[in-house]
Structures are given as structure tokens and as C-alpha cells.
Amino acid sequence: MTDTELFPQLSIPETLAAGPGPGNTDARVLASFANAGLADHMQADVLRGMVEAKHMLRRIWGTKNTYTFGVGGTGFSGLDVLFSAILPGDTVVAFVNGTFSGIDALTVRTKAASREDLKANALDPKPANVTVIHVPHGQSVTGAVVEKALADHKPTWAMMAHWETGSGRINDLKGFSDACLRHGVMGLVDAVSSLGIEDFDIDDFPGVVGWASCPQKGVLCLPLTYAPVSFTDRYIAHLRENGCYSYVHNPIFEARHWGITDGKDVAAGSYHRTHSGYAVAAFHEALRINLQHGRAQKAADYAHHEVALRSAVQALGCEVTSNMTSLVVLNLPPSLAGREKELVQNARAKGFGIWPTLSEPVQVRIGILNQLSEAAITEIVRRFAAEMNAMGADVDLAPALKALESHYAAAMAAE
Ligand SMILES: *Cc1c(COP(=O)(O)O)cnc(C)c1O
């Protein structure tokens, strides 16, 4: 290959995306993306779409926060906006129980670092003003852990992931919020994996002043669109008073394009950066699908299908250590222990997109984003069992299928 070669047109196959994310994108979202006309970022319908998306996001987040909008990019783009108000020297306590909260803590340490802290360890600064509380992989961050750390350190900010996708664990959001309130701490939450899956109102957690999610997990809008964020008035007032070291990721500036100026909704947005009408159309449709499904119904559907998948992989001899409803994190049976990455690689080579954990210990992650049917779950179980057997596990598929059948039959009978 040379730099002058014209590569053939890129074609990307359809895979069964059965990982922690991204989830399978609804055909309606892709159609909205592809059918949008070419229109610039200040065209009236593009601006109207953004304002409507802002209103839909408030319903999906369950909030009256005016500063609720989308950040162009991925989950970490939204998180970068969320953490933008953390300034060098600020005191922060960060709770880490897996890969993603670990990266969040790195972002926080980078932002709270002084110039000297950065110079000392440019890619992994360790400012003394940031305390990282490590909770072992496979365990949840509890309210008691948060309470103790905030009482000991009395920081300005605290940070936690709601659902830690790295280990598949749900952390204690109420405990976190209550402890933040008790100690006058401003809580920041990574809700990348929970928004659009769990049925919760962020306004019920007043200790949390800022939230960030992503386009590609529960919201199901991969065609790179918007990371939903929401900020309370307290966060915005703090930011207005203290500023931040970003133009593009300053929430006050970003919000203007979504029709939020000086703390108020205005009829149409004003220029912040060049948003894509295609992305706006796709995002708008994804939010409509979320609202049509209904938050409570969607949450119940995830819980229902996760139980089915869990019981089937247990019937295959696996041990499940997660408690999220969109993802099962498991240990393979003893005969395959240590071969997790090999199994995942074999599966991925056949278009069955499951994942290993990205931090130790190595486990297998199987997700069900937008795979909410008996047929889809059964297909996932069949393909997973086939991979286990291809590696010599010699497991019997029948009890796993029986577990699925009886779970779904019981649900039918109950209806
Ligand atoms: C997926 C995930 C992220 C990162 O999102 P990207 O879209 O990959 O940037 C951050 N936090 C959590 C909890 C996640 O699950």
C-alpha cells in the first residue's frame, strides 16, 4: 500500500452488536440521517429540530433543568463538557470501579491539575487535590463509601459513574446524591450507560449538579450525533462566576445553539459551531423512538430480557457478576478460564460482537442494546454457546434454551 493508492470504497459489514455499546441502530434513525436534505446549521428546520430535541431530552432525563442539550460527539465529549467547570486546584473526590469511571477520573485529574502536576506526569497527572477512591472490579460504589469519603475530604466536587459499563455494576445514585447534599458537595455523574435504559428522573437526585450521557447506548443514535448533558442552575451559576478553560466545551456557550441563552429558552439557537442537519435529524428521531417506547416500558423490557440472558448463560455454566439490565458480565466455566479474549476474538471474527472487560480481571461482556425480543436473545445465546463449544467446552445448549423458553412462557402466561 502506498500513500498515492486510491483505496476501494469502504464497506463495513452488518454485525450482531452484542456488546456494552454501541447498540443496533433503528432503521428509522438511519433513514432520518440519510433522508435529511443538505441544510446548513442555521437553517430554520435544523434549529427547530435542535430546540425540539432539547425538549425531548428534558423528558428523557426527567428534568426541569434549562441547561439540557446535546454535545456533538461521543460519550466522552459530553463528559468533557460535564467536567469543564473543574479548574486547576479544585478539590475533587472521584469514585472508580471500572474502566469508564477510571477514564473519568483521569479527565478529572487532568482538569484539576496544576501546571506543575501536568509537567510531573503529563499523561497521568496525580494532583494532591484529587482523591480517587477505588472500589474493586465487580463491586458497586455504595452510599456508605461515598458518605465516608465526602465526610473525610469535604471536596468542592464529587464524581461517580451511575452504571459502570466496564464491570457491569450499578452504583448507588441516591446514596451519592444524599451524601453530596449533606456535605455541600457538587456531584457530577457519568450516566452514559443508564440514560435510556433505567427509568429515573435526574431531578430526584438534587445533590447531583451535572450529568452526561452518550448517543450510542440507551439513546441508540450511533450515527455520530449528540451526547446528552444536563446541568442545574447551581452548576451554571458556579461556571458563570468562575469560568472554564474551553470555548467549545463550555456548557454556557454550547447551550446557545440549542436555544438556551442567559438561563432562558429562546425561540431559536444562535451559532456556536457548525452542527450537522443529518445528525440533528437522526438524533431527533432517536429521541422520538425513546419517548414512543416509553421510559418505564423500556426499562421493564431491558430487565425482562436481561434476566432471560442471565439464566441462559448460567445454564451454560457461566458465573454472572454484573447487575446492569443492558449488559451481562460473566466468568467462563473453569474449563475455559483464562481464554476469555480468545473466545471473544473468535466470536468477533464471525460478526458476533461481544466484548472482554477492558481492565482486569478479564471477563466476557454480552450486551442486549436494542435486542429486546425472544428471538434476538435466543440468537445471542446460540452463538455464544457455539463459540464455547468451538473451544472444546462441550456444553449442552438444551438447558440454556429451556431456561429461555420457560422465562418467556412464564411472561406470556402472566400477561
Ligand atoms: C461507553 C461509556 C463511556 C464512553 O462513551 P464513548 O461514547 O465511548 O465516548 C463513558 N462512560 C461510561 C459509563 C460508558 O459506559
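How many residues of domain 1 are in contact with residues of domain 2? In this predicted model, local features need pLDDT of at least 70 and side-chain atom pairs count only at pLDDT 80 or more, whereas totals for chains, interfaces and linings use all residues. Residues are numbered from 1 along each chain as its sequence is written, and side-chain values use heavy atoms, with hydrogens and water left out.

The chain is divided into domain 1 (27–290) and domain 2 (295–414), with bounds that come from an automatic or database domain assignment. Contact, defined as heavy atoms within 4.5 Å, joins 30 residues of domain 1 to 22 residues of domain 2. The centres of the two domains, taken over C-alpha atoms, are separated by 30 Å.

The size of an interface is often given as the accessible area lost when the parts come together. Between them, domain 1 and domain 2 bury about 1900 Å², of which 52% lies on carbon and sulfur atoms; buried area is the accessible area (1.4 Å probe) that two parts lose on being put together, summed over both. On the domain 1 side, the most area is lost to domain 2 by His137, Ile197 and Asp199, which together account for 29% of what that side buries.

Two salt bridges are counted between domain 1 and domain 2, a salt bridge being a side-chain nitrogen of Lys or Arg within 4 Å of a carboxyl oxygen of Asp or Glu. The side chains of Arg295 and Asp201 form a salt bridge with an N to O distance of 2.8 Å.
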